[in-house]
Amino acid sequence: QVQLVESGGGLVQTGGSLRLSCAASGRPFSSHCLGWFRQAPGKEREFVAAINWNGGYTYYADSVKGRFTISRDNAKNSVYLEMNSLQPEDTAVYYCAADLSYGGNYYVGKRVDDYEYWGQGTQVTVSS
């Protein structure tokens, strides 16, 4: 049974930082892209960041570029999201996901439909 489990969410003040973790089990994802998405109340799930299979290429949504950093540890089958300079508009449930596509060394999925496995989400709330 494949599981992705997020942790590290919480309540933080504007300008603060959080580090999200996502641990995968049930199968290795070391050959696949991993990503983070978020969904705010009343809004569609949106792309945040993605990292290619070996961590050599990352891609970010414009809204988080320069503030968030995605990384991975294939030995731990895990992906992380370091979030700095958090703003109230970053408030959302954050999801990690795994994309099983084979698109070359630098492939990263950027759409919800690109990803096959999803975690249950972790709440991030940024107070103003």
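How exposed is E82, buried or partly exposed? E82 is partly exposed, at 27% relative accessibility. The model behind this value is predicted.

E82 pairs with R19 in a salt bridge. Their closest N and O atoms are 3.6 Å apart. That falls within the 4 Å cut-off, so the pair counts as a salt bridge. E82 sits in strand β8 (residues 78-83), while R19 sits in strand β3 (residues 18-25), so the pair ties together parts that are 63 residues apart in sequence. R19 is partly exposed too, with a relative accessible area of 44%.

## The wider search

Why do such pairs form? Side chains of opposite charge can pair when their charged atoms come close. Searching the whole structure turns up six salt bridges.

One of them links the side chains of D62 and K65. Here the N to O distance is 3.0 Å. D62 is exposed, and its relative accessible area is 66%.

R111 and D114 form another salt bridge. The closest N and O atoms lie 2.8 Å apart. R111 is exposed, with a relative accessible area of 51%. D114 is buried, at 11% relative accessibility. The cut-offs explain the labels: R111 is exposed because 51% is over 50%, and D114 is buried because 11% is under 20%.

Some salt bridges share partners. Through them, R38, E46, R67 and D90 join into one network.

Definitions and conventions:
Residues are numbered from 1 along each chain as its sequence is written. This is a predicted model: local features need pLDDT of at least 70, side-chain atom pairs count only at pLDDT 80 or more; totals for chains, interfaces and linings use all residues. Side-chain values use heavy atoms; hydrogens and water are left out. Helices (H or I, at least four residues) and strands (E, at least two) are DSSP runs, numbered from the N terminus. Buried means under 20% relative accessible area, exposed over 50%, partly exposed in between (1.4 Å probe, protein chains only).
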